[in-house]
Amino acid sequence: MEEFSRTLNEYFALFIELVSQWLRLVAALLGELGVPEVYREVGAMGALFLLVTLAVFLFILLLLRLGRKKKPLETKPTSPATMEAPVVVEEEPGPISPATIAEPGIVEIPEVMEEVPLSLFERMRAGLSKTQNALVGRIDALLRGSKKIDADLLESLEEILITADFGMQTTQELIQSLQQRVARDDISADALRHALQEEIRQRLKLEAAPLDLERAKPFVILVVGVNGVGKTTTIGKMARQFVSQGKKVVLGAGDTFRAAAAEQLAIWGERSGVDVIRHAEGADPAAVAFDAARAAVARKADILILDTAGRLHTKANLMEEMKKIHRVLAREIPDAPHETLLVLDATTGQNALTQARLFKEKVKVSGLALTKLDGTAKGGMVVAIGAELGLPVRYVGIGEGVEDLRPFDPDLFVDALFQRS
Ligand SMILES: Nc1nc2c(ncn2[C@@H]2O[C@H](COP(=O)(O)OP(=O)(O)OP(=O)(O)O)[C@@H](O)[C@H]2O)c(=O)[nH]1
Ligand SMILES: [Mg+2]
């Protein structure tokens, strides 16, 4: 301790010596410059003060620069909330109420997702996690707990399939084919699991023609469905994906029922750099279809996607309106619409199946988009809908990001669903 205070004293004396030398030096310099003696000491003190201030300033600057270099690590987004918040603020256009817009900020999520790249398979798995838990999780628990593959086990399996919304018809078909296999051979639990997986896969592989966008130019997609199923959002995501594939896209805001609907589509259009043809609220949707078809031809678009107002299949006048849109499109572009895409909300389970059946009776639906699969444990309806209606599932929605609308791939779907964690 004594030694320490001695060293401190020495340093202090050295410091005083340095300061007085500095003062003497500067005073002498000022004398050389002809400064009167009374001012020399003050001048030397002032110069010292300036020097110390400069040194402190440079030190602070250095600290700030070091701090800024470290910043990216500290501000790395850690939760979806922190990632989304600034985007919503930037993107949301003033006059539109958030309630009417399909969460505009969400469209930026894929940019965030790119930082943590997920493979298609992982993305599909994540999107199907609720169904996976409720279906495959329960099936695995059942098979683990059973010593024998017998009628009781198949009955429990049947109940699980019904709960996951495979529907009565599809469930019974699946159980019957499993019963036949069990009757034929003495199969193991693993073989039964595999057999079910393959039966499901087979039912998803319909013979329907794939969505061939090259078949016509412009290829016209008419999007229909009841309120709130995700039509406009699906169109926005499709447009963005098509544009990124180098296609020229035109959108038609055929939902003239609400002013905000055209606005919602216009925002998606703006984001993807796509032209949106729109009329005033309350205008005839067939007139929008007409103008959109003309614009798509004139602008040499590859794809025209037409949005429509959500409608109940039970409302005869609305269904008539749809037929008129069909007629107008066909008159302007040969064979248009080339695809009538019925959008269904997967969270509504068997209700969606009923909707599809009724829509199909009224308009020539050629394909389905099943949205919100991420929000339901009833993913079995994907199988039921394909199998019972013979309609191909073109797209599935497994989240709110642009990349979460996926062209439907039966193999990827079944593998993701049955993958053991
Ligand atoms: N989680 C999830 N949400 C989705 C998905 N697809 C659409 N949505 C949400 O569903 C809501 C309704 O979507 P819209 O596109 O406005 O539905 P719409 O069918 O156009 O509705 P109307 O124009 O009123 O008939 C929005 O909040 C979307 O973000 C999906 O795959 N997953
Ligand atoms: Mg809409």
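1. Helices and strands here are DSSP runs, numbered from the N terminus; a helix has at least four residues and a strand at least two. With that in hand, look at Pro337. Pro337 sits in the loop between helix 13 (316-332) and strand 5 (339-345). A cis peptide bond joins Ala336 to Pro337, with omega about -5°. Bear in mind that this is a predicted model.

2. Stay in that loop for Asp335. Asp335 also lies between helix 13 and strand 5. Its phi is positive, about 65°, although Asp335 is not a glycine. Is Asp335 buried or exposed? Asp335 is exposed, because 11 other C-beta atoms lie within 10 Å, and 12 or fewer counts as exposed.

3. Now compare Asp165. Asp165 is not a glycine either, and has a positive phi of about 65°. Asp165 is found in the loop between helix 7 and helix 8 (168-184). Asp165 counts as buried, because it has 28 C-beta neighbours inside 10 Å; the cut-off for buried is 20 or more.

4. There is another cis peptide bond to check. It joins Lys217 and Pro218, and omega is about -5°. Pro218 belongs to the loop between helix 9 and strand 1 (219-224).

5. Next, the overall build. The protein chain holds 16 helices and eight strands. It has 421 residues, and 35% of them are buried. Take the contacts between residues at least 6 apart in sequence: 73% of these join residues at least 24 apart.

6. Which residues have the most contacts inside the largest nonpolar core? They are Leu251, Leu304, Ile305 and Ile385, in a core of 85 residues. Follow Ile305 as an example. Leaving aside residues up to four places away in sequence, Ile305 touches Ile221, Val223, Ile235, Met238, Ala239, Val249 and Leu251.

7. Helix 6 (residues 129-145) deserves a look. Its 17 residues reach 22 Å from the first C-alpha to the last, close to the 24 Å expected at 1.5 Å a residue. Buried in helix 6 are Thr131, Gln132, Leu135, Val136 and Ile139. The buried residues of this helix pack against helix 7 (151-163), helix 9 (189-204) and helix 16 (410-418).

8. Finally, turn to ligand 1. There are 21 residues around it, and Gly230, Thr232, Thr233, Gly310 and Gly397 come nearest. Which helix gives the largest share of this shell? Helix 10 (residues 231-244) does, with three residues. By class, the shell has eleven polar, seven charged and three nonpolar residues.

Note on methods:
Residues are numbered from 1 along each chain as its sequence is written. Chains are lettered from A and ligands numbered from 1 in the order in which they are written. This is a predicted model: local features need pLDDT of at least 70, side-chain atom pairs count only at pLDDT 80 or more; totals for chains, interfaces and linings use all residues. A residue is near a molecule or strand if its C-beta atom, placed from the backbone, lies within 6 Å of it. Ala, Val, Leu, Ile, Met, Phe, Trp, Tyr, Cys and Pro count as nonpolar, Asp, Glu, Lys and Arg as charged, and the others, Gly among them, as polar. The expected span of a helix is 1.5 Å times one less than its number of residues. Two residues are in contact if their C-beta atoms, placed from the backbone, lie within 7 Å. A nonpolar core is a set of buried Ala, Val, Leu, Ile, Met, Phe, Trp, Tyr and Cys residues joined through C-beta atoms within 7 Å.
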